[in-house]
Amino acid sequence: MRYFEDFQPGDVSEHGPHVVSREEIIAFATQFDPQPFHLSDEGAQGSLFGGLVASGWHTASLCHRMLVQSFLGQTSSMGSPGLDELRWLKPVRPGDELRVRVEVVLATPSRSKLDRGAVKLRMEVRNQQDEVVMTELANVLFGRRPQG
């Protein structure tokens, strides 16, 4: 179990990979982002992407799934009050293998709630060519290590 005290600015970790399938791109888009370039090759051909691409929201969801499975699930995470930044830099296509690089930017103990602290995390989602496809700057609350 990792607590707030275990996060130091400059700490870096990597998580994943996850290979994105055509079926999951279409399933996510059908439910949450039904734009033509997320739904079929035919619908995407005339788009600026020239082929099927994942929704940016799907990419963000995959990022968070990888984080929870191999990182946040083993911490005292108390959730997040929000993001400072989210950028989609390159399209994610069927067959792309994604991984997440996480860097601790800042760790600040709460002055009003002594049982927690805030950690600012910079995340980069990279594909199999090591291209950054998405960046995120997130704030996460972590419980402090129990005393005694």
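**Entry 1: a loop residue to start with**

I opened at Asp-130, which sits in the loop between strand 4 and strand 5. This is a predicted model, so I'm reading every value here as computed. Asp-130 isn't a glycine, yet its phi is positive, about 65°. I noted that down because most residues other than glycine have a negative phi. Is Asp-130 buried or partly exposed? Its relative accessibility is 41%, so it goes down as partly exposed.

**Entry 2: the overall layout**

Next I stepped back to look at the whole chain. I counted off four helices and five strands. Going from the N terminus, the order reads β-α-α-α-α-β-β-β-β. Along the principal axes, the C-alpha atoms fill a box of roughly 60 × 30 × 20 Å. The protein has 148 residues, and 39% of them are buried. I also checked how far contacts reach along the chain. Taking contacts between residues at least 6 apart in sequence, 70% join residues at least 24 apart.

**Entry 3: the annotated span**

I looked up the UniProt record, an unreviewed entry, and it places a feature called "domain: MaoC-like" at residues 15-111. In the model, that span is 36% helix and 31% strand. Its end C-alpha atoms lie 31 Å apart.

Which two residues are joined by a cis peptide bond? They are Gly-16 and Pro-17, with omega at about 10°. I flagged this one since most peptide bonds are trans. Pro-17 belongs to strand 1. Pro-17 also turns up among the contacts of Leu-98, which I get to in the next entry.

**Entry 4: the nonpolar core**

I went looking for the largest nonpolar core and found 27 residues in it. Which of them touch the most other members? I wrote down Leu-67, Leu-98, Val-100, Leu-121 and Met-123. Helix 4, strand 3 (97-109), strand 4 (116-126) and strand 5 (132-143) each put at least two residues into this core.

Then I picked Leu-98 and listed what it touches, skipping neighbours within four places in sequence. The list includes Pro-17, His-18 and Val-20, then Leu-62 and Met-66. Further along the chain, Leu-98 is also in contact with Val-125, Arg-126, Asn-127 and Val-133.

**Entry 5: aromatic pairs**

How many aromatic pairs are there? The count is five. The pair I looked at here was Phe-7 with Phe-71: edge-to-face, 6.0 Å centre to centre, with 85° between the planes. Phe-7 is in the segment before strand 1 (12-19) and Phe-71 is in the loop between helix 4 (56-70) and strand 2 (77-88), so this pair ties together parts that are 64 residues apart in sequence. Both residues are buried.

I then turned to Phe-37 and Phe-49, a tilted pair at 5.1 Å centre to centre and 55° between the planes. Phe-37 lies in helix 2 (residues 36-39), while Phe-49 lies in the loop between helix 3 (41-45) and helix 4, so the parts tied together here are twelve residues apart in sequence. Phe-49 is partly exposed, with a relative accessible area of 25%.

Back at Phe-7, I noticed that it forms one aromatic cluster with Phe-71 and Phe-142. There's a charge here too: the charged end of Arg-2 sits over the ring of Phe-7, 4.3 Å from its centre.

**Entry 6: Thr-75**

Thr-75 is in the loop between helix 4 and strand 2. At 8% relative accessibility, Thr-75 counts as buried. What does its side chain reach at 3.2 Å? That is the backbone nitrogen of Ser-77. A polar atom of the Thr-75 side chain also lies 2.8 Å from the backbone oxygen of Leu-72. Leaving out neighbours within four places in sequence, Thr-75 is in contact with Met-1, Arg-2, Phe-7 and Phe-142.

**Entry 7: Arg-22**

I finished at Arg-22, in helix 1 (residues 22-32). With 34% relative accessibility, Arg-22 is partly exposed. Beyond neighbours within four places in sequence, Arg-22 is in contact with Asp-41, Leu-52 and Pro-94. With Asp-41 there's a polar contact, side chain to side chain, at 3.0 Å. I also checked Arg-22 against Ala-54: they are 32 residues apart along the chain, and their C-alpha atoms are separated by 8.6 Å.

Definitions and conventions. Residues numbered from 1 in each chain as written. Predicted model: local features only at pLDDT ≥ 70, side-chain atom pairs only at ≥ 80, totals over all residues. Heavy atoms only, no water. Phe/Tyr/Trp six-rings, centres within 6.5 Å; stacked < 30°, edge-to-face > 60°. Buried < 20%, exposed > 50% of the residue type's maximum accessible area, 1.4 Å probe, protein only. Lys NZ or Arg CZ within 6 Å of the ring centre and 35° of its normal. Core = buried A, V, L, I, M, F, W, Y, C linked by side-chain atoms within 4.5 Å. Contact = heavy atoms within 4.5 Å. UniProt positions renumbered as here; feature names shortened; annotations may be inferred. Polar contact = N/O pair within 3.5 Å; in protein donor to acceptor, adjacent residues only side chain to side chain.
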